[in-house]
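Please read it with the sequence and the model side by side.

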Amino acid sequence: MRSANCSPMSYPVLPPTHQHHMWDAWDMAAEICISQLPTLVDDPNAEFQPSPFFTEQLTAFEVWLDHGSERKKPPEQLPIVLQVLLSQLHRFRALVLLGRFLDMGPWAVDLALSVGIFPYVLKLLQTTTPELQQILVFIWTKILALDKSCQVDLVKDGGHTYFIRFLDSIDAYPEQRAMAAFVLAVIVDGHRRGQETCIEAGLIHVCLKHLQCSSPNDAQTEPLFLQWICLCLGKLWEDFSEAQLIGLQADAPAIISPLLLEPQPEVRAAAVFALGTALDVGSDTSRDGQGEEDDDDEKVKAEAGIVKNLLNVVSDGSPLVRAEVAVALSRFAFGHNKHLKSVAAAYWKPQSSSVLTSLPSFAVKGSSSGYTTPTHYMPHGSIVPSPIAPLLRVGHDSQPVSRDGRVSSSSPLATPGIMHGSPLSDDSSQHSDYGALNDCVTNGVLSYSRRKPLDNALYSQCVLAMFNLAKDPSPRVESLGRRVLAIIGIEQVVAKSFKPAGVSIRPGEPSTSASASLAGLARSSSWFELTGGAHLPLAFRTPPVSPPRPSYMTGMRRVCSLEFRPHLMSSPDSGLADPLLASPGPSGVSDRSFLPQSMIYNWSCGHFSKPLLTAMDDTEDIIARREEREKLALDHIVKCQHSSLSKMQNQIASWDTKFETGTKTALLQPFSPVVIASDENERIRVWNYEEATLLNSFNNHDYPDKGVSKLCLVNEFEENLLLVASNDGNIRIWKDYSSKGKQKLVTAFASIQGHRPGVRSVNAVVDWQQQSGYLFSSGEISSIMAWDLDKEQLVSTIPLASDSSISALAVSQVHGGQFAAGFVDGYVRLYDIRTPEMVVSATRPHTQRVERVVGIGFQPGLEPAKIVSASQAGNIQFLDMRCAKDKYLTIDAHRGSLTALAVHRHAPIIASGSAKQLIKVFNLEGDPLGTIRYYPTFMAQKIGSVSCLTFHPYQVLLAAGAADACVSIYADEILPPR
């Protein structure tokens, strides 16, 4: 143009391009073509050589992909790559390179869309070339992960059929079919036209067919594929009653429900999402009773089946799954609002005082004068007002319950897993709770025209499950549970200590909302990271004394994607808003926007926004750090085994924890001079004993009235996590706990479900076994619960042979799946979860008087059945569980006052603590190695009894905590004081 003296103009003004160096490449390409003309003219047999321009541009683009990044200059070849898509010769290579580019991140997708990629890849969906399918699905996955609005154009051009065909093809890998399921899920997400066209194309039946084909034991089934099939189905029939009906007729709930037992929490959560969205919330008019008079019996029956399945996972180990259960129950509560309100209202009748007192966190609005005083149930039976319990009220829009036709109530809860006894009963048995609730329900009739009432017991189970969720150890699930309660008319008016703004609850009381702002459940950032952990060569090599301990909870170890920040707490679509944020009373309940929103879909979408073709894991650093720690541990283990111990009286550090109630538990970190301690109020403090500095101090949770039962380290060879077990059996796992104010709650769950009739507290005993990945917990219950923390799932419930409960628990550090339990009646039993009968052997070493076992531990070394057991009476027994005569050595250590026992993992040394302010140290032959006394002059105050003892895992160091809040650390006297 310029050569013809023309100046091109545009609006808005484009930058000048006449001097762009791409013209040089173009001139060269033209030159190569024209230079062949003389030869072609002279020689009729000469062949024209096509221009290498496009091939060279693709090569240049490939070079940029090898070295480029977001921080570097964007590739100039991108527009040319789009032109190459028109050429069949180079199309496949161009698509592969384009896919690599889009995988670099959202910025790359944004750049490609701005250059004009969309019409090209939309047009390519009309091709039937099989080799292009996989890369096209990948490209569309990347586009839709960034820009959902493309769904409209895809449906308009019939692009959805391409992905349904691909999803149904058996040639593609499950990961690629998962991408097709993702694309289809985005197409139908909140888009009615997309839902209709996909249902017409038979997507529901295609998805269900693949779920039926994948048996749980099939190793080929890709979890990501199952997850996205479920999410796709959930989005397909979300708020679309015709699709829900098709799903119910195809028996979808029965096909999806087996996935609730899958080992991956993400798959279970997606299955809950699919089941929850299959529940018809109903329109506002029909909900109020003016809709259809006769409901479809089949639909009611199917909904009942769905709810029963959901109630089975209300106590799942993963907060991700429980949060989805809460969202699904909120949909059920919305649809069956009046019936559930009646149950909830009956729950608070005056005659059910036993139930009322067993609910310390809730109170009800009385019919006559204002609010009743919130109460706490005290162990001795008196009821005292609690100044910080939240106030709840029962909504008054529930119509009076008629008395003429009673509905008979079913037998007590069919599913024992629902009851837990946990949120509802801190003191009363599950049976009395249920009985009181059942009496309340049978006193009234549930007969409303909108919905045919389901089985009465099912409503009762739902109300109990909702209370469970409202007292969940995970702050996010608890928040959702409270919102579900608000839907059935029990509304939170005053929050208990859960104040994002940090407002004091009582005058002069410091705010304890450190963990409240975390509101945190968190899972790994992607499936590739999750599954990647299994293939990394991380199993470490050790001598026989310390066998390989694989890393568990890889998902939890790399938490970054689902941490709910404080500013999200009030966003309307996050599902995290407190009931206080919604309009109170009936108006809030009748509005569908009040329903909390599911998080699993949006969170799962994040996986496809991240790079999928390149491993983003810093595995080399992790392996290097792990090997360094392994070597260090091995050196220390050898020293421990060959150490000639004399006395453990050299106090190298002393720390006043300033705990008001004294130190309850303590833990020494393996690879840094750090001690962690906690108290009865579940305050956790982390202290560096070499530098004598406090590293961090935080509350385990906002209702600190249970006390900490045990502290454990998970993944001690890597970035370890702190597992905190409360006395009520609730488990919370923290990361970054030694950085001031940086601690994050990774996961939380109730490890103990239900307790014995008449028992006031659970008194949980818990231990963690790294090499098997199992957490064992028991207490005042009739079984031992074994949890797989990698799957976040209860894997086994071991019934106890006797009526006596467990008072001490210790896992073997050598044999995975093996643990020992000490009982209140003096029995010691050895268990092995790998055997069918679970119990290996039992003995009763403590027979002088019936005294509870207060401490138990495996002796160091490889012998599997050598155990040390200590009773409250003061005698320590050395047992070989394989021998008939059982005990082979007895030490009368403390007469009637033994409070704590510690057994070193590798060194031949044990320590016992007494209520009489002294610690005795012995070797494995029973010889005393010394006595540590607390003198009245020490710390210028009288010392309380020894409350906890713990050895360093790889050094001969002993940490002792006392009732006076002092923690002391002792070393062998040959060590110089630090």
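Trp 228 is buried, as its relative accessible area is 0%; buried means under 20% relative accessible area, exposed means over 50%, and partly exposed lies in between (1.4 Å probe, protein chains only). The model is predicted, so local features need pLDDT of at least 70 and side-chain atom pairs count only at pLDDT 80 or more, while totals for chains, interfaces and linings use all residues. Residues are numbered from 1 along each chain as its sequence is written, and side-chain values use heavy atoms, with hydrogens and water left out.

**The chain as a whole**

- The chain holds 31 helices and 32 strands; these are DSSP runs numbered from the N terminus, with helices (H or I) of at least four residues and strands (E) of at least two.
- Of the 978 residues in the chain, 58% are buried.
- Among contacts in the chain with a separation of 6 or more, 64% are between residues 24 or more positions apart; contact means heavy atoms within 4.5 Å.

**Helix 14 against helix 11**

- Two packed helices are described by the distance between their axes and the angle between them.
- The axes of helix 11 and helix 14 come within 8 Å and cross at roughly 15°; axes are lines fitted to C-alpha atoms, for helices over the stretch in contact, and angles run from 0 to 180 degrees between N-to-C directions.
- Helix 11 is therefore roughly parallel to helix 14; angles under 35 degrees count as roughly parallel, over 145 as roughly antiparallel, 65 to 115 as roughly perpendicular and the rest as oblique.
- Helix 11 and helix 14 make a left-handed crossing, meaning that the near helix is turned anticlockwise from the far one by less than a right angle (right-handed if clockwise).
- On the helix 11 side the contact includes Ala 178, Ala 181, Phe 182 and Ala 185, and on the helix 14 side it includes Phe 225, Trp 228, Ile 229 and Lys 235.
- The contact of helix 11 with helix 14 has 13 nonpolar, two charged and no polar residues; Ala, Val, Leu, Ile, Met, Phe, Trp, Tyr, Cys and Pro count as nonpolar, Asp, Glu, Lys and Arg as charged, and the others, Gly among them, as polar.

**Helix 14 against helix 13**

- Helix 13 (residues 203-213) and helix 14 (residues 223-236) have axes that come within 10 Å and cross at roughly 150°.
- Helix 13 and helix 14 are therefore roughly antiparallel to each other, and their crossing is left-handed.
- Residues of helix 13 in this contact include Leu 203, Cys 207, His 210 and Leu 211, which face a set in helix 14 that includes Phe 225, Ile 229, Cys 230 and Leu 233.
- The residues of the contact of helix 13 with helix 14 are twelve nonpolar, one polar and no charged.
- The buried residues of helix 13 are Leu 203, Ile 204, Val 206, Cys 207, Leu 208, His 210 and Leu 211.
- The cover over the buried residues of helix 13 includes helix 10 (160-168), helix 11 (174-188), helix 12 (192-200) and helix 14.

**Aromatic pairs**

- There are 21 aromatic pairs; rings of Phe, Tyr and Trp (its six-membered ring) pair if their centres lie within 6.5 Å, and planes under 30 degrees apart count as stacked, over 60 as edge-to-face and the rest as tilted.
- Trp 26 and Phe 53 form an edge-to-face pair, 6.0 Å centre to centre with 85° between the planes.
- Trp 26 is in helix 1 (residues 22-34) and Phe 53 is in helix 3 (residues 53-67), 27 residues apart.
- Trp 26 counts as partly exposed at 47% relative accessibility, whereas Phe 53 counts as buried at 9%.
- The rings of Trp 228 and Phe 608 have centres 5.6 Å apart and planes at 50°, so this pair is tilted.
- Because Trp 228 lies in helix 14 and Phe 608 in helix 30 (residues 600-609), the pair ties together parts 380 residues apart in sequence.
- Phe 608 counts as buried, at 0% relative accessibility.
- Phe 61, Trp 64, Phe 101 and Trp 107 are linked into a cluster by ring pairs.

**Two serines**

- Ser 69 lies in the loop between helix 3 and helix 4 (78-84) and counts as buried at 18% relative accessibility.
- Leaving aside neighbours within four places in sequence, Ser 69 is in contact with Trp 64, Met 104 and Trp 107.
- Ser 914 is in strand 27 (residues 909-914) and is buried, with a relative accessible area of 1%.
- Not counting residues up to four places away in sequence, Ser 914 touches His 894, Ser 897, Thr 899, Ser 945 and Val 946.
- The C-alpha atoms of Ser 914 and Ala 900 are separated by 6.9 Å, with the two residues 14 apart along the chain.
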